[in-house]
Amino acid sequence: MSVPTIQRRKTTGQIRAMKGSGQPVVSLTAYTTPVARLFDPHVDFLLVGDSVGMVFYGFKSSLEVTLDMMIAHGAAVMRGVEKSCVIVDMPFGTYQESPEQAFRNAARMMVETGCDGVKLEGGEEMAETIHFMTQRGIPVLGHIGLTPQSINAFGSYSSRGRTDAEAKAIMSGAQAIEEAGAFAYVIEATQEPLAKAITEASGVPTIGIGASVHCDGQVLVADDMLGLFSDFKPKFVKHYASLAPQIASAAETYAAEVRSRAFPAVEHTYQPKKS
Ligand SMILES: Nc1nc(=O)c2c([nH]1)NC[C@@H]1CN(c3ccc(C(=O)N[C@@H](CCC(=O)O)C(=O)O)cc3)CN21
Ligand SMILES: CC(C)C(=O)C(=O)O
Ligand SMILES: [Mg+2]
């Protein structure tokens with residue numbers, strides 16, 4: 001008889017249980033195997049974000065990202081991970097239509113990547129869908145506040161919850177998706193007092209991105225924190241490295257050495273065996 005494989009990766013249940021533990025949940029996005037391998041020892045979960053469209057493919061928004069692209073990047077990240085939980089973003093148009101559509105596409109994502117759960121954007125309007133999915137075996141990470149897939153409805157990436165009405169809607173959305181079964185949820189670009197109030201009222205971890213230090217955890221886009229992406233810099237981004245100038249200067253030096261014939265040198269050159 002074969003023994004079931006032991007799950008060595010952190011589970012969504014373990015992430016959920018970090019609520020109230022006093023231990024912040026640490027997350028970064030990743031889109032490729034080598035970067036997943038580098039981040040894996042340091043995070044609780046990796047998010048394969050649809051931000052890949054903007055930071056990797058040069059799209060104007062995340063709306064052009066397809067399910068097939070997310071599956072390819074999800075599978076790539078899974079090949080680099082040993083211990084972290086892996087959550088993959090459902091792209092725009094693959095889950096909003098109905099609970100059945102969401103389940104069908106998320107199930108494909110889970111089967112074809114081997115990831116631990118999926119993320120989808122929305123509050124109250126997505127609660128029924130989240131309930132349908134979680135009841136049928138798909139762990140769901142929610143995402144409220146600034147929801148970039150609604151850029152065409154909102155018109156800008158400005159912070160959310162600045163009016164009483166909007167703050168109330170975000171708060172009730174948070175409660176609705178928690179009740180629906182989300183194991184945690186991202187709060188993006190939301191005023192500090194609102195993020196704090198939502199976190200205090202929540203029974204599952206809140207993962208902040210531009211939502212203050214009061215959230216139960218934090219996530220950042222990898223290319224932002226590595227200083228690799230420069231089309232825009234949201235207020236919530238901190239550069240922990242500046243890779244863009246290092247990459248540019250490596251290319252500059254290489255080009256100069258090729259032009260001066262300093263590269264390739266003898267040690268980079270295959271020679272016939274001396275007889
Ligand atoms: N590189 C990157 N980082 C992200 O955080 C990110 C993506 N891409 N792509 C998908 C969405 C889009 N997001 C964004 C995009 C722009 C701003 C931004 O420019 N914010 C400004 C305010 C803009 C305004 O008020 O109109 C800021 O100062 O924070 C914020 C979040 C978050 N996500
Ligand atoms: C910014 C995070 C939360 C995200 O959704 C993404 O990277 O797509
Ligand atoms: Mg996203």
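A: Let's start in the middle. The largest nonpolar core here has 64 residues, and Leu46, Val86, Ala182 and Tyr185 have the most contacts inside it. A nonpolar core means a set of buried Ala, Val, Leu, Ile, Met, Phe, Trp, Tyr and Cys residues joined through C-beta atoms within 7 Å. A residue is buried if 20 or more other C-beta atoms lie within 10 Å of its own, exposed if 12 or fewer, and partly exposed in between, with C-beta atoms placed from the backbone. Helix α8 (residues 164-180) gives this core its largest share, five residues. In soluble globular proteins, nonpolar side chains tend to be buried together.

A word on the source: this is a predicted model, where local features need pLDDT of at least 70 and side-chain atom pairs count only at pLDDT 80 or more, while totals for chains, interfaces and linings use all residues. Residues are numbered from 1 along each chain as its sequence is written, and chains are lettered from A and ligands numbered from 1 in the order in which they are written.

Now zoom in on Leu46. Skipping neighbours within four places in sequence, leucine 46 is in contact with Ser27, Leu28, Ala30, Ala36, Phe39, Val77, Val81, Ser84 and Val86; contact means C-beta atoms, placed from the backbone, within 7 Å.

Leucine 28 stands opposite leucine 220 in β8. Strand β1 (residues 25-29) and β8 run parallel, joined by four bridges. Strands count as paired if DSSP finds at least two bridges between them; strands themselves are DSSP runs (E, at least two residues), helices are runs too (H or I, at least four), and both are numbered from the N terminus. Strand β7 (residues 206-209) also pairs with β8 in the parallel sense, over two bridges, and there isoleucine 207 has glycine 217 as its bridge partner. Strand β8 (residues 217-220) is covered on both faces: Gly217 and Val219 are buried on one side, Gln218 and Leu220 on the other.

Aspartate 89 lies in strand β3 (residues 85-89) and counts as buried because it has 29 C-beta neighbours inside 10 Å. Aspartate 89 touches Val48, Gly49, Asp50, Met70 and Lys119, leaving out residues up to four places away in sequence. Serine 51 sits in the loop between β2 (45-48) and α3 (52-55), and with 21 C-beta neighbours inside 10 Å, serine 51 is buried too.

Terms used: Two residues are in contact if their C-beta atoms, placed from the backbone, lie within 7 Å.
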